[in-house]
Every structure is written in structure tokens, then in C-alpha cells.
Amino acid sequence: MAEIIDGKALAKKMQAAMAEQIVELQVKFGRSPGLAVLMVGDNPASAAYVRGKETACKRVGITSFGKHFPADASQAELELVIDELNQDDRVDGILVQLPLPEHLDAIALINRIHPDKDADGLHPYNMGRLMRGEEGLQSCTPAGVMKLLEAANVAIAGKTAVVIGRSILVGKPLAIMLLQANATVIMAHSRTDDLAAITQKADILVAAVGKPEFISANMVKSGAVVIDVGINRITDYEGNSRLVGDVDFEGVKAIASQITPVPGGVGPMTVTMLLHNTIWSYCRKYGITYS
Ligand SMILES: Nc1nc2c(c(=O)[nH]1)N[C@@H](CN(C=O)c1ccc(C(=O)N[C@@H](CCC(=O)O)C(=O)O)cc1)CN2
């Protein structure tokens, strides 16, 4: 039976340490780190994540400069706000909550954020640095996965890691991070032939597919470490709704060595790494290293 990798507990521990560090930074530099989250429209899941980010900021002492726009906000309006936030010395991190309404160009907005304030680590400059193995702001969910693997003492070097999903938010940056930790990385996706044959090779299996309980026990090697990045809300035949990951947790738990739950696994670490990135940018501004 697999050991549970508890993301909620790790997030709590890391955020407690951040709160203490921010008290010291505030005394030293006379201000707290600041994060601006731009949210467009009323997608209920996005609104909940944004609230979660603001609550976490408050908990650790980061000032929120959140901005909420109507669903019909224009590209030009958002670009103007990003330009202002880029110039605002109180703001160390900026992010655009995804997904955006169809009429908006998310990539253009991300590219507009100053790379030093790119709290999501999605700007091409920071992605390029990651690709080259240079330090910089890193995408929050993959960075959170790496922290979880480290905290769970998972050996990565020399192991076969299979990442299912190729988004810029998770799959691509995570594959690079695992490669830098000396894993042999295989990237699989919706067009991969015989996916089960690939996933069965994984010592470390990361599911970021966006399909509820898609990874079944017969797709997993015995003793594998399984990281579930999926967050899917499903409604059963009685009309009760619940959150599940991309992995059939009960089935896979029986054969994996370690596994992350949903909720309480990767999700809380996404928010924690966002706080980390904001403090990282703040410290960099004052010439100090934050790791
Ligand atoms: N600009 C971004 N947009 C999105 C990102 C992102 O990293 N940057 N990731 C996701 C959403 N997300 C953060 O924005 C996020 C998702 C899930 C969680 C989380 O803590 N989930 C909990 C369960 C929450 C619940 O009950 O609904 C868990 O897994 O335990 C945090 C953040 C897409 N958009």
C-alpha cells in the first residue's frame, strides 16, 4: 500500500517558514513583498483559486494587489494594467489567472509581464533560463512537484520519469526540471500510441492529463511513485460533486510506493510556490538570495 505524499502538510510547513522570513524582511526593507493577481470574468474555479492565493498571501504577510476585470475586458485594457504593475515598486510578482475568456491572448499578456515580476514563471525569458539550467522564476506547479519529490525523499537521478501532458503550465517545464535532476524523462500526451506501455516503464509517473481518474492500476509499475496533477470536479449519479485527480487513487494506491492525493497533494504546493516566487523576486530586488 502506497505512502501518501502530503502536499497540504508540506505547504503549511513552508508557508509558516515564509511568514517568519517576511517579518524579518519587512523590518529590514520597510515593506512587505507584493503580488498582483489579474482575474478576468467569473469562472467559479478560477475565482476560488484566486481567493485561495489571496488568503495564502495574507497568511504569510504578502500584500495583494488583486485586480478583477469583467469577462469582456479588452486586451488593450489588460496590457495597460500590466504596464502599470510592471512600474509599481510595491509589486514584486504579477500573474494572469488562467484560463482566460476566448477573445483574449493569454500568451501576449504573459509576455507583457516584466520577467523579474513573472510570478508564474511562464515568461519566455524565465522558460528559457529553465531550459538552459539557469536560476530564475520557475512555473509553480512543476516547482511544487519537485519540492514534493524532495520532501518525500524520492530518488530521481537515473530513474525513468514519465510525464503525461505537454502544457506550458505543467508538462513541459516539469520534464525539464526532472531532466535537470538527472531523470530519464519520457513525455507522453493525448496522441501517444499505447500509453499504458509507456506509463508502465515509469519509476516516477506524473499525470497532468485533465481526465478524471484516467490512470488505472494496470497502467502503473509496481512500486512507482505517482504524482497526480489533475484537478477534476465530478458529479455522481446522486448529484453529489467531488474533486478527483487524473489517477484512480484507490486502485493505484494499492500498487504504487508513494502517491499524492487530490485534494491535498500538488494543488496546495502550486500556491506555495507562487508565494515563494514572489518572495524570491522581492529578495532579488534587494540583492539577497532566497532559495
Ligand atoms: N496563472 C495560473 N493559472 C492557473 C494555474 C497557475 O499555476 N497559474 N494553475 C491552475 C489553478 N491553480 C492556480 O492557479 C490552482 C489549482 C488548484 C489548487 C489547489 O490548492 N487545489 C486544492 C483543491 C481546491 C478545491 O477544493 O477546489 C487541492 O488540490 O488540494 C490551487 C491552485 C490553473 N490556472
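Residues are numbered from 1 along each chain as its sequence is written. In this predicted model, local features need pLDDT of at least 70 and side-chain atom pairs count only at pLDDT 80 or more, while totals for chains, interfaces and linings use all residues.

The chain is divided into domain 1 (30-115) and domain 2 (140-268), with bounds from an automatic or database domain assignment. Their C-alpha centres lie 28 Å apart.

Two packed helices are described by the angle between their axes and the distance between the axes. The axes of α1 (residues 7-29) and α10 (residues 266-285) come within 9 Å and cross at roughly 20°; axes are lines fitted to C-alpha atoms, for helices over the stretch in contact, and angles run from 0 to 180 degrees between N-to-C directions. Helices are DSSP runs of H or I with at least four residues, strands are runs of E with at least two, and both are numbered from the N terminus. α1 and α10 are therefore roughly parallel to each other (angles under 35 degrees). Residues of α1 including L10, M14 and M18 meet residues of α10 including V271, L275 and I279, contact being defined by C-beta atoms, placed from the backbone, within 7 Å.

Two cis peptide bonds were assigned, from L98 to P99 and from V262 to P263. P99 lies in the loop between β5 (93-96) and α4 (106-112), and P263 in the loop between β12 (258-259) and α10. N182, in the loop between α7 (171-180) and β7 (184-188), has a positive phi near 70° although the residue is not glycine.

Terms used: Parallel < 35°, antiparallel > 145°, perpendicular 65-115°, else oblique. Contact = placed C-beta atoms within 7 Å.
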